[in-house]
Amino acid sequence: MRVEILKFDNLGRGIGYINNKIIFVPKSVAGDILDITIEKEHANYLEGKIKEIIVPSKKRIEVKCPYYAFCGGCDLLHVSLSESLEYKLDKINECLNKNKIDYKVSEIVKCPKQYNYRNKVSLKIIDKKIGYYESNSHKLIEINNCLLLDDAINELINDLNELEINNGKITIRINYKKEFLIVIESDDKLQNINNLINNLINKYSIVGIVLNNKVIFGDDYFIDKINNYLFKISYNSFFQVNPYICSHLFDLISEYTIDSKKILDFYCGVGTLSLVASKDSNKVLGVEIVENAILDAKINASLNNINNVEFICNDTKKVIDKITNEYDTIILDPPRSGIDKNVIDKIISENIKKIIYVSCNESTLIRDLKILLDKYKIVNFKLLDMFVNTEHVESLCVLNLNKD
Ligand SMILES: C[S@@+](CC[C@H](N)C(=O)[O-])C[C@H]1O[C@@H](n2cnc3c(N)ncnc32)[C@H](O)[C@@H]1O
């Protein structure tokens, strides 16, 4: 079936029409004329898959990844970097516009590396094959080299079959010293695992291996360094996946908190933004739900000789009493689900002067902004290309209490 692609949708898929019904086709771009198969038929829309590119769009570039047609990892490898940056700006602005938010975002911070920027990967293992799932499926695509990953992670992936795991999941992290932290989850009886990991340890600088939450080699954490900050990161703590963009994020947080004296950092992870923001302030309080992350955050304060920060482990919605107008600034860097409504209501009721909202999901960001904009105005909004070659983007939005 033929279709002409007209533009991207908000998930980076191409949009076309078949008999007046909208169709979404992943990995296509405006100007493509395609032969497609219909994968799913819904009442109001269709989902298609490229069978053949009849006339390629002028916007297409050569795809450097052999798995791209099937893999669920990237969405925009078939267009130039400048096209993908423009797409990300357009999608945020369209979203703001649709929600009647009168602000135009004009800047996206580019990542210095177009490929090989990721410091973390989670791979599935099915029947001894290691790889990613196909988009929207549980079908495994065996991979031995992913364009998004740090080169050293790719090298290690090629030796993972030595572990002889039949089924499970393996997560690999790499730090600034090119040391690895490996987490394995598997129900297999891995009796020989200690001998098997010896080969890997001889070849790579492995700091720790954790199997089903138990350390089987070295430590359950490693140290990473971004700008001049050192961070202890436990195997199950969140850490930004793109250290190059994270460095820019730190610079911007530092700039936006230069006049802040008392700061709350909700969803603080291992304390990254708290420590950066502490430089010019008197006091920072970080809140995070993962216990190991908070233990890391406390150690990170000492590692960096910072003593004006405090961290508590709790669910943000259970500590809304901590949000008082004693604090002039709140940093919010929630998971994709966004901010709890009662946290937003408390921020508004306490008239916190400045909000710095970091988000990896524009839908929940805009949902939350619509509530906040009753009392706040956007004074700065930038995008950061944290997830290069995918449709995802990091937003950094600064809001000031509206005194009018
Ligand atoms: C996007 S990460 C940001 C972490 C940190 N700001 C950073 O840049 O590394 C979101 C963090 O929120 C934490 N989190 C998720 N739900 C939470 C909740 N209800 N209360 C507190 N923290 C939560 C997660 O564990 C994760 O560490």
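Start by selecting Val319. Val319 is partly exposed, because 17 other C-beta atoms lie within 10 Å. The cut-offs: 20 or more other C-beta atoms within 10 Å make a residue buried, 12 or fewer make it exposed, and anything in between is partly exposed, with C-beta atoms placed from the backbone.

A note before moving on. The model is predicted: local features need pLDDT of at least 70, side-chain atom pairs count only at pLDDT 80 or more, and totals for chains, interfaces and linings use all residues. Residue numbers run from 1 along each chain as its sequence is written.

**Around Val319**

Show the loop between strand 19 (309–313) and strand 20 (329–332); Val319 sits there. Helices (H or I, at least four residues) and strands (E, at least two) are DSSP runs, numbered from the N terminus. Contact here means C-beta atoms, placed from the backbone, within 7 Å.

**The ligand shell**

Select the ligand next. Its shell holds 18 residues, and the closest are Phe238, Tyr267, Gly269, Ile289 and Asp333. Colour the shell by type: 11 residues are nonpolar, 4 polar and 3 charged. Helix 5 (272–277) and strand 18 (283–288) each give the shell at least two residues.

Stay on Tyr267. Tyr267 lies in the loop between strand 17 (262–266) and helix 5. Its phi is positive, about 65 degrees, although Tyr267 is not a glycine. Tyr267 counts as buried because 20 other C-beta atoms lie within 10 Å.

**Another positive phi**

Jump to Asn116, in the loop between strand 7 and strand 8 (120–126). Asn116 has a positive phi of about 55 degrees and is not a glycine. Asn116 is partly exposed, with 15 other C-beta atoms within 10 Å.

**Helix 4**

Select 243–256. Helix 4 has 14 residues and reaches 20 Å from first C-alpha to last, close to the 20 Å expected at 1.5 Å a residue. The expected span is 1.5 Å times one less than the number of residues. Show its buried residues: Pro243, Ile245, Cys246, His248, Leu249, Phe250 and Ile253. What covers them includes strand 7 (108–109), strand 15 (221–226), helix 5, strand 21 (354–359), strand 22 (376–384) and strand 23 (394–401).

**Ser82**

Move to helix 1 (residues 81–98) and pick Ser82. Ser82 counts as exposed, with 9 C-beta neighbours inside 10 Å.

**Zoom out**

Show the whole chain. The chain has 8 helices and 23 strands. Of its 404 residues, 40% count as buried. The C-alpha trace spans about 60 × 60 × 35 Å along its principal axes. Finish by colouring domain 1 (1–60), domain 2 (94–112 + 242–401) and domain 3 (120–223). Such bounds come from an automatic or database domain assignment. The C-alpha centres of domain 1 and domain 2 are 36 Å apart.

Conventions
Near = placed C-beta within 6 Å. Nonpolar A, V, L, I, M, F, W, Y, C, P; charged D, E, K, R; others polar. Contact = placed C-beta atoms within 7 Å.
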